[in-house]
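Here is a short report on a single protein model. It covers cavities, backbone geometry, helix packing and contacts across the sequence.

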Amino acid sequence: MAIWLPDLTGRRGPKYLQILEAMAEDIASERLAAGTQLPPHRELAYQLGVSANTTSRAYAEAVKRALLRGEVGRGTFVRSPDASLQADEQAHLRRERTGPVDLSRNLPLPGFAEPHIRRVLGEVAAGDGLPGLLDYQTDEDLLHHSEAARIWLNSCGVEAQPDQIVTTMGGQHGLFCALMGLLRPGDLLLTESLTYMPVRAMAERFGLQTAAVTMDARGVVPEAFEKLCIGAKPKAFYLTPTLQAPTTTTLPAARRRSIADIAQRHGVILIEDDVFAPLKADRPAPLATSAPDQTVYVTSLSKTVAPGLRVGFLRAPAALVPALHHATNLSVWMTPPMTLEVAARLIRDGTAARLTAQQRAAAERRQSLARSILGHVEFAADPQGFHVWMPLPGAWRADTFRAHCARHDVLVSEGRSFAARVSDAPEAIRICLSHEADEIRLKRGLQTIANLLRLAPSESALEI
C-alpha cells in the first residue's frame, strides 16, 4: 500500500475536488503508478484533517473518471490501462483486422506506395550502384541525394542549399537530433500547451527544462511566446504550425510572421515540425521562410508517402548543420543508404508527389465520413487532415470517455496525453481516421463513438 498524501497547497474549490485533482496529477506524472493501492479513505481523511465523507467522495469520483478501481475486500487501486491498451506499445502500430478499432494512432493510410517501391527496388537491384548502398557511407557519399532533398523541401515551401540539409531516419529522429545537437542540459525548451508528447520525453532525457506557450482556437498566441522570451530566456521553441496534433489547427500567416519576428529578436531557435504540411494544399508559408536563420525545419516522407520509409530532412541555417550532423552520427551514424536511395528516386520521378495527393484525397474522403457520422457533435477538423479533435459535450470526462470507448473495443486518445501541463489538459479526445486500413472498421468505430456521445456518463457506467 502506498503512503500517499496529496499536496493540496494552493488548491481551491471543494476539498474532495482538490484531492481528486492532486490524485489525477500524481497519476499523470506516474508518482502513483498503475496498480498502486491507495490508503483507506478513513486513514487518508485522518491524515488530511478532513471528514471521511470527503475522501470517500473523492475516491468515488476518481472511480467514475476511470482513475481508480475498487476491489471488494482488497481496497482501492490506481487503475491500469484497459486490457486492450496493456500490450507492448509497438504492437499498436500493427494494422490489425480483428480486435479493437484503433483510432488512437495518427498514421497515414498504407498501401499506396507498395507497387512503386517494388519497382524502385527492382531498378536499384538491376543497377551498378547496389554495392555502395550496402556499405557504410560518409556524408560526402550521400551528397548526390541532396538534390532530391532540395526538391522535397521546395515542395514544402522551403528553399535549401546542400550545406543546409541534413538527412534523418524520419521526422521523429530529426526532432531528436535537433534537441540533442542544439540544446544542452538546463536549457529551456518551449512547446505548445498541447503538443507532441515524445518531444517532452526527449527533453526530459536530455535534462532540458520545458515550458508551455498558451494556445487559443487559432493556435499559438504570439504574445504568450514573447512574454516567455522576455521572462524566461528560452533556447528553442518546438511547434507544429500545420495540421497541429492534436488540435488540427493551422497557424495563420500573420501569427507565423509574428512568431518568426519574436524568435529573431530574442535569439530563439524555432524547431518547426511540418511533417503534415504536404497534405494541406492551401497552407501558409512555413516559419522557415520568414526566419531562415533562426529555424530548423523538420519534414519527412512517413506521413505522406510510406510510413515505413524512414527518411526525413532537416533544413537548418548552415551554422547549425555541423551540430545536427554530429547528432545524427551519434544516434544512427547515417540514414540507411538503401532507403534514402528509394526515397530519392520516388521524389525525383514525381511519384512522391502523386502519393501525397492520394493521401490527401483519402483524408478528405475519411473526413467526410467522420462528419456524416459525428455531425451531431461539435468538433475541430481539417478536410485534408488525418485526425479529429473533439471537446466532449455535457458531463463527459476525457478519461472516462476513453475508458468507455475501450470497453466497446474502440481506442482513442484523451486530451491529457498531449498536455504540457496537467492544468492544460482539456476534456477532449483525438480521433485518428487513417490508422485503420479497412474503412468498414473505421465506420464501426466512429458509430460506436457517436452512440456513446448520445448517452450521459451515468447511462453507460464502467464496470469496476
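The report starts with the basis of the values and then goes through the features by topic.

**Basis**

This is a predicted model, in which local features need pLDDT of at least 70, side-chain atom pairs count only at pLDDT 80 or more, and totals for chains, interfaces and linings use all residues. Residues are numbered from 1 along each chain as its sequence is written, and side-chain values use heavy atoms, with hydrogens and water left out.

**Cavities**

The structure holds 2 cavities of 30 Å³ or more. A cavity here is a set of points, on a 1 Å grid over the protein atoms alone, where a 1.4 Å probe fits but cannot get out; lining residues have an atom within 4 Å of a point. Grid points are joined across faces, edges and corners, and a volume is the space filled by probe spheres set on the points.

The largest cavity has about 50 Å³ of space. Its lining consists of Glu-192, Met-215, Gly-219, Val-220, Leu-239, Thr-240, Pro-241, Gln-244, Thr-249 and Leu-251. By class, that lining has 5 nonpolar, 4 polar and 1 charged residues. Nonpolar covers Ala, Val, Leu, Ile, Met, Phe, Trp, Tyr, Cys and Pro; charged covers Asp, Glu, Lys and Arg; the others, Gly among them, are polar.

The second largest cavity has about 40 Å³. Arg-95, Glu-96, Arg-97, Glu-436, Ala-437, Asp-438 and Arg-441 line the second largest cavity.

**Backbone geometry**

Two residues in one loop deserve a look. Pro-246 sits in the loop between strand S9 (236–239) and helix H10 (253–266). Helices (H or I, at least four residues) and strands (E, at least two) are DSSP runs, numbered from the N terminus. The peptide bond from Ala-245 to Pro-246 is cis, and its omega is near 20 degrees.

Thr-248 also lies in the loop between S9 and H10. Its phi is near 75 degrees, a positive value in a residue other than glycine. Is Thr-248 buried or exposed? Thr-248 is buried, at a relative accessible area of 8%. Buried means under 20% relative accessible area, exposed over 50%, and partly exposed in between (1.4 Å probe, protein chains only).

Asp-409 has a positive phi too, near 65 degrees, and is a residue other than glycine. Asp-409 is placed in the loop between helix H15 (398–407) and strand S15 (410–411). With a relative accessible area of 44%, Asp-409 is partly exposed.

**Helix packing**

Two packed helices are described by the angle between their axes and the distance between the axes. Axes are lines fitted to C-alpha atoms, for helices over the stretch in contact, and angles run from 0 to 180 degrees between N-to-C directions.

| Helix pair | Axis angle | Axis distance |
|---|---|---|
| H4 (114–126) and H13 (337–348) | about 115 degrees | 10 Å |
| H2 (41–48) and H3 (52–64) | roughly 125 degrees | within 8 Å |
| H6 (146–155) and H13 | about 55 degrees | 9 Å |

At about 115 degrees between H4 and H13, H4 is roughly perpendicular to H13. H2 and H3 are oblique to each other. H6 and H13 are oblique as well. Angles under 35 degrees count as roughly parallel, over 145 as roughly antiparallel, 65 to 115 as roughly perpendicular and the rest as oblique.

Handedness comes next. H4 passes H13 in a right-handed crossing. H2 and H3 also cross right-handed. H6 passes H13 in a left-handed crossing. A crossing is left-handed if the near helix is turned anticlockwise from the far one by less than a right angle, and right-handed if clockwise.

**Contacts across the sequence**

Ser-104 lies in the loop between strand S3 (101–102) and H4. Ser-104 is buried, with a relative accessible area of 12%. Ser-104 and Ile-431 are 327 residues apart along the chain, yet their C-alpha atoms are separated by 6.2 Å.

Gln-294 is in the loop between helix H11 (287–290) and strand S11 (295–300). Gln-294 is buried at 16% relative accessible area. Gln-294 and Val-268 are 26 residues apart in sequence and 7.0 Å apart in space, C-alpha to C-alpha.

Note on methods
1 Å grid on protein atoms, 1.4 Å probe; cavity = no way out; pocket = protein on both sides within 12 Å on 5 of 7 lines; lining within 4 Å.
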